[in-house]
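Dear colleague,

I am handing over the structure we spoke about, and I would be grateful if you could look through it alongside the notes in this message.

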4 protein chains.
Amino acid sequence: MGPCMGVKGGGTGSGASQIVPAERINLHFTGDFHAITSAHNLLAALIDNHLHSGNRLRLDPRRIAWRRVLDVNDRSLRNVVVGLGGPVHGVPRETGFDITAASEVMAILCLAQDAADLRARLGRILVGFSYENAPVTADRLHAPGAMLALLRDALEPNLVQTLEGTPALVHGGPFANIAHGCNSVIATRLALHRARWAITEAGFGFDLGAEKFFDIKCAGAGLDTAAVVLVATVRALKMHGGVPLADLGRADPAAVERGLVNLDKHVESIGAFGERPIVALNRFLHDSGGEIEVVRRHCEKGGVPFAVTDHHAQGGAGAIELARLVVQQAETRARPFRPLYDWQDPVPEKILAVARAMYGARGVLYTRAAERDLAEVARLGYGGLPVCIAKTQNSLSDEPQRRGRPSGFDVTVRGVQINAGAGFLVVLTGDILRMPGLPAQPLAESIDLVDGEIVGLR
Amino acid sequence: MGPCMGVKGGGTGSGASQIVPAERINLHFTGDFHAITSAHNLLAALIDNHLHSGNRLRLDPRRIAWRRVLDVNDRSLRNVVVGLGGPVHGVPRETGFDITAASEVMAILCLAQDAADLRARLGRILVGFSYENAPVTADRLHAPGAMLALLRDALEPNLVQTLEGTPALVHGGPFANIAHGCNSVIATRLALHRARWAITEAGFGFDLGAEKFFDIKCAGAGLDTAAVVLVATVRALKMHGGVPLADLGRADPAAVERGLVNLDKHVESIGAFGERPIVALNRFLHDSGGEIEVVRRHCEKGGVPFAVTDHHAQGGAGAIELARLVVQQAETRARPFRPLYDWQDPVPEKILAVARAMYGARGVLYTRAAERDLAEVARLGYGGLPVCIAKTQNSLSDEPQRRGRPSGFDVTVRGVQINAGAGFLVVLTGDILRMPGLPAQPLAESIDLVDGEIVGLR
Amino acid sequence: MGPCMGVKGGGTGSGASQIVPAERINLHFTGDFHAITSAHNLLAALIDNHLHSGNRLRLDPRRIAWRRVLDVNDRSLRNVVVGLGGPVHGVPRETGFDITAASEVMAILCLAQDAADLRARLGRILVGFSYENAPVTADRLHAPGAMLALLRDALEPNLVQTLEGTPALVHGGPFANIAHGCNSVIATRLALHRARWAITEAGFGFDLGAEKFFDIKCAGAGLDTAAVVLVATVRALKMHGGVPLADLGRADPAAVERGLVNLDKHVESIGAFGERPIVALNRFLHDSGGEIEVVRRHCEKGGVPFAVTDHHAQGGAGAIELARLVVQQAETRARPFRPLYDWQDPVPEKILAVARAMYGARGVLYTRAAERDLAEVARLGYGGLPVCIAKTQNSLSDEPQRRGRPSGFDVTVRGVQINAGAGFLVVLTGDILRMPGLPAQPLAESIDLVDGEIVGLR
Amino acid sequence: MGPCMGVKGGGTGSGASQIVPAERINLHFTGDFHAITSAHNLLAALIDNHLHSGNRLRLDPRRIAWRRVLDVNDRSLRNVVVGLGGPVHGVPRETGFDITAASEVMAILCLAQDAADLRARLGRILVGFSYENAPVTADRLHAPGAMLALLRDALEPNLVQTLEGTPALVHGGPFANIAHGCNSVIATRLALHRARWAITEAGFGFDLGAEKFFDIKCAGAGLDTAAVVLVATVRALKMHGGVPLADLGRADPAAVERGLVNLDKHVESIGAFGERPIVALNRFLHDSGGEIEVVRRHCEKGGVPFAVTDHHAQGGAGAIELARLVVQQAETRARPFRPLYDWQDPVPEKILAVARAMYGARGVLYTRAAERDLAEVARLGYGGLPVCIAKTQNSLSDEPQRRGRPSGFDVTVRGVQINAGAGFLVVLTGDILRMPGLPAQPLAESIDLVDGEIVGLR
């Protein structure tokens, strides 16, 4: 909901390819995000109440890792001091708010197998450290029961439909740049219960969403893949071919040609999992035939199955060719996918495996802070968790400006956070914000209710 | 939801007299509170974004009146500093969080006549002052449209039922100690549309909830009353008769007798509106017959209609006598109620009228801060708003310890806040908190989900 | 030093009546204020270091009473949050800075009899409370030794001279509105060692400086008075006679006449100590003869010894008449002064005694916070300390606007602070600031060094 | 003064080799540090007052570079929020306190040629940036005049003496790890006025203090050197030879031998300035003859003049051999020293020159923040200033643990600060603190005044 008030559109598609009711899905929907916000902040209130009420666990107020969340774009909540006003108003300390999509509770909900697993994961959340440097989990605060009660209904997947009446499950929304980025295990299971295959969107580029889909979601839940679709657009290829934002509207087959190195890298990356992709070129109104042909010829030359999709204009009819290729691939596929790393590998090896195979990096550098974090991970026994790398979605590298297929670069790790409840280590590269801000002219200023209809959402 | 995690029970009744589904109503329900939280905090985000993005309106960051809200008991959020961390993370300033029930948006939703009125009221919210001391409203920030969109569904009343299937509308929940304390005008209108009379609960004592029901809700919306029920309990009368909390379980007719001065005061107060009450004595398991008789005889002697109600044990059957008295009163009532004051009276006269007629005060004192606030109210032209007095619910006076029927006291006004959207002036007496805290042993620690059922709520 | 950068002049006199070297005395002088600042802030550093290093004494960070000081007018330091930035940078808590003249160390230095007494008093400073609500003193932090070392040289009085070569001791500078307001006991003793009488200036009106001189300094140190001079000016009398600031330059004998009620009150107040004042009218250039005559006749009529002094223009020669009256009074005086109260009286009686006899108040009101403070004073056993009332210097009452001789008013006490080291209770009335601010056009902007000479000080 | 309360000894020497009066020099001395503190904080007060009083210059409160200083070890002041408490108490913003030795005013005082130059430098101080990103200097706030007035006496050097009566000038004290680290230009000039040569101590290793002495102080003031003494100790050589702290007391000639690589590096570094050093081995009580011989032989073999000094035990007599070597060197020296870089070189070249020639680094890396800082330096036209590199004194590299003579390492620059008044760019490497903390058992706890003498200082 927060980003809808800023500059981003919602996540329900557009044109003839939409799920409905879009404005409900984009705002309160069934209240899942609100429930996650509530459960997250209840834990925060229990922590601060514990500090205030004798602090039996000797929690160090300066080393509480658990922040608060709100589903709003509000940069001024990123860094706050709470507990001010005197001895009856809590204990002063520094903390902050993230957006709800960045809540560890969001990731937990999406990875939980069932209510019992959800409860166990909530209990494992690492909330902070004692003065004696001992880790303190949510279980020690007796928080999971009430959190679970607040999440009861949110744990159920939500069934919606496309404009053409095709069922779709919308459940959970962890960001793919700072979390694992795909919908819930429970929703996928439910879909597989009613259909031979379930399609999962793993956002923000194959290097971010899909890698985590394979190595965290599927590896953790014992799911396998039947086919992989790599979505491309002429516009993005031109951007990777060096065209500035303002000129992307102009036909430029040569730029598309140059941008294909980026596509090739993703095709290779998919191969690293033992998969063979189908490339779907998502057609836009202003794409020129020549530009599309560049991509088609390139794929054909490389032996990569390829389809132009036109569902934005035509709905399901526009994606039939793609559907045929997908079914063909799914029916002929023989063996399970191959994860990039074994969860039991040493943490730096796991990070290096992703950085090399997915980003094309030469190596990985660690700041001193990150090295200290790695030592903490080892001391606390969390080394067996998979790695969830937070990286910019604008480049294969960790520098947003580097387009195309960067090479010869090192990824710099600035910190490693333990999401013991979600069950992964968040590996921070670059400057990743967990709470967005509003632009100078936020969309909220033009959203309105007219004759009972919400207008102005993008 | 917040208080359910602390020490208080929910608001759905108990025993045979309950509305269901109780645990849903007490937690997320239909999401109205979440929508109010979202709309409230969106305005806050727009304010801080405005400060950050050039501050065209020259808002003084130190004079923003609009705080944030969360539906959680969290004392450490009462006073916070936001906007820390450097120039890209907003503008540092002091603010805080209230509980959602204390949000002005809550009061607005409950007093709005329809969507158009809701929009207009949202626009009138006074968010703060410019460096030049000019008031700035939410309209100037183009916030009401998006807030209204977020509140669209919350504006619709929610129909639930009692255990016996009687319909009940649950809509809105402003606190009666710091806000006007009763459900929405729209819900009351909807009820009246389908029934001859609608029963409204106005909580926290006649001096708080009911006074505001008459002078703010009814006077503002053009509603009238048909009958007034004053609910009494043996336990509360004993407390006003001087019995300490620990001894309230022991039968003590003499203490009940002594406590009747408090009941008498409320009966008189009702008379100040030109109404004649029916006293309903809500029977509890351990009430002794002798105690009940003390009350009955006193009412009969004073000519006040009286009924013992036993709905907790018997459901509707336990309140039939009361129902008969109410219907009798409603059918014979001739003229509309008489407000305590005219909205156009000077503000101190309005406050004095309530303090004398409702609290039994001798007079009203103002701190220097309150005097400055009154001067601001006059300067800004808000003198014609009714007064919503925030006072302790533990005493008729503004001192929580004074039981029974205090007299000869002055009420001290510490401040006056302008709720221009809700359309009233909040007059602060004593130490009223807008954000509760959790107790040392919060209920949340024992709430849980067992076999899909939420347990541990009170 | 701080106020010299703002709007106030220094404290060295002017015209022919000055002590020199003025610009040194007003700035760094012999470093006494710097030493007090250093000793004060060393204790603050030891407190925060104690919180950081295991907190053996279980000091509650929210209940530290000891703030920091700087000799600068800097309003933005009044309320600060320290200890931010993470676990290696201290413990977050709210505190603030006062100006050095408001430091309890300043008061202690001025009241100490010798180094041993200074050490004992430093040790008795109440720095805060433990989580168990036990008082913690500076002794518990082993701070007094190092503080005393830093104060070694500051404890020695400083000998300067007037322009005419008369010796003067300048030693210490506690504010008279928030502290006891006169120079050190040691300096007075030193002066009395070399002369028959020592003249002490007790600033900010007889009701502030002089009352504390009698009841705190003299009563505590066993000093007695030989004569009391009450300094009046035509300008101040006109102000008390109702003339606005802008018109004080105009001759107005009638206004002087009206303002004499204020003078009369001070004469009466002096009588409350068993003293008989000499009124000295400090002549200003633009005083008219008629105005002066009004005062002279009034004093003669009342039998009060009176002299016009003209030392600003004439130096010592201008004060010879006054000097004769003073010597005459001092030589004939028979018995010691009579304090307003006995230190062992109950605290409210001590406050009432001052409020009635000095301010002309009807009574004393206490806020709830002040009542709680009084209960703390009793609980901790500090009830036997004298009271140091912090009050505005602009009125005999606690409301700055009330000129002349207010009557029928109550003084409102907002809080009581324990200065256990100084050995008095600070009784707060009105809004007394302990840290001044700079004006929009501070003097500092025009202070400069020209050819080695400091210019621009007032 | 601050460090004397913590764990460090003062700076006046020990044994027979001391300057006196030590306890005065180490505490308040002549008040120079207090004057610097006052001048520094006056500018801070003027800045915050400007923000509060209309902010004519449109200073962005989030981009004020000027912090406050206190001469106390107080970690909890490193990061603070000021201006809290409401609109009359300033503007909320983040800032902090450094120790006085880290004040830019300290560096300015030490580099100023005279009062006029001091004034000009104070005026050039970069206090922050406007909302429009324009730099704002102290001149714009009319601060230099008053600051200069406060510094008038502090600008004069202070003459003290050794225990043997040799005159010594003690003037200024900028840290050598974060500032340029040597005494004032004025003191050096004064000394040279009365003697053929003046000896300057440049602390914290040749790579820190001496490099800045050459490239900043001498190059800026047009001073030249006559001879360079490199002081070594057996203890430090053993440490660089790999001996842990606890074992340094044990004779270990082999470890001394291993540690000589560090000495060799410094000898080479001195050569980079075109100088030839004299090595002075400062004898300690427990040094073994064998250890000393290792050093002597090594120097003789390398042709480096060498003397063992024993002034701690013998006073001046213990340094006669060294004195002879120095005089010999000074009298035969032919040409001026050669700076490591030209001030007009590009900033990265200047940094690289120091890193290679002094630290033995392979290269220099820049964080993104540092790159942004370099761009700002260029934008604002400060590229022609010399570089003052803040680096750990525990290693030649920027990592404190690396002993001996590290090689093959890169120095990482984390930020570049503009000290426009001092006239250099502070280049930050590693984690350099500008405000020390106290240890768990601070020296202050055992400092005391006994019979008028200060005891317990180290």
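What follows is a summary of what was found, going from the model as a whole to individual side chains.

Please keep in mind that this is a predicted model. It scores ipTM 0.95 and pTM 0.95, and chain A averages a pLDDT of 95, with 100% of the residues scoring at least 70.

On the arrangement of the copies, chain A is superposed on chain B by a rotation of 180 degrees with 0.0 Å of shift along the axis, at an RMSD of 0.1 Å, which is the relation of a two-fold axis. Within chain A, the C-alpha nearest that axis belongs to A:Val81, and it lies 2.6 Å away. The copies meet through the same surface, because 100% of the interface residues of chain A are also interface residues in chain B.

Turning to chain B, helix 4 spans residues 115-124, and its buried residues are B:Asp117, B:Leu118, B:Arg121, B:Leu122 and B:Gly123. These buried residues pack against helix 3 (104-111), strand 9 (135-137) and helix 5 (144-151) of chain B. At the start of helix 4, a side-chain oxygen of B:Asp114 comes to within 3.2 Å of the backbone nitrogen of B:Ala116.

D:Phe206 counts as buried because its relative accessibility is 7%, under the 20% cut-off, and D:Phe273 is buried with a relative accessible area of 0%.

The rings of D:Phe213 and D:Phe214 have centres 5.8 Å apart and planes at 70 degrees, so this pair is edge-to-face. D:Phe213 counts as buried at 13% relative accessibility, and D:Phe214 does so at 2%. In chain A, the residues A:Phe206, A:Phe213, A:Phe214, A:Phe273 and A:Phe337 form one aromatic cluster.

Finally, there are contacts between a charge and a ring: A:Lys391 lies over the face of A:Tyr359, at 4.8 Å from the ring centre, while the charged end of D:Lys391 sits over the ring of D:Tyr359, 4.7 Å from its centre.

Conventions: Residues are numbered from 1 along each chain as its sequence is written. Chains are lettered from A and ligands numbered from 1 in the order in which they are written. This is a predicted model: local features need pLDDT of at least 70, side-chain atom pairs count only at pLDDT 80 or more; totals for chains, interfaces and linings use all residues. Side-chain values use heavy atoms; hydrogens and water are left out. Buried means under 20% relative accessible area, exposed over 50%, partly exposed in between (1.4 Å probe, protein chains only). Helices (H or I, at least four residues) and strands (E, at least two) are DSSP runs, numbered from the N terminus. Contact means heavy atoms within 4.5 Å. A polar contact is a pair of N or O atoms within 3.5 Å; within protein, one must be able to donate a hydrogen and the other to accept it, and residues adjacent in sequence count only if both atoms are side-chain atoms. pLDDT is the predictor's confidence in each residue, from 0 to 100. Copies are superposed by least squares on the C-alpha atoms of residues with pLDDT of at least 70 in both. Rings of Phe, Tyr and Trp (its six-membered ring) pair if their centres lie within 6.5 Å; planes under 30 degrees apart count as stacked, over 60 as edge-to-face and the rest as tilted. A charge sits over a ring if NZ of Lys or CZ of Arg is within 6 Å of the ring centre and within 35 degrees of the ring normal.
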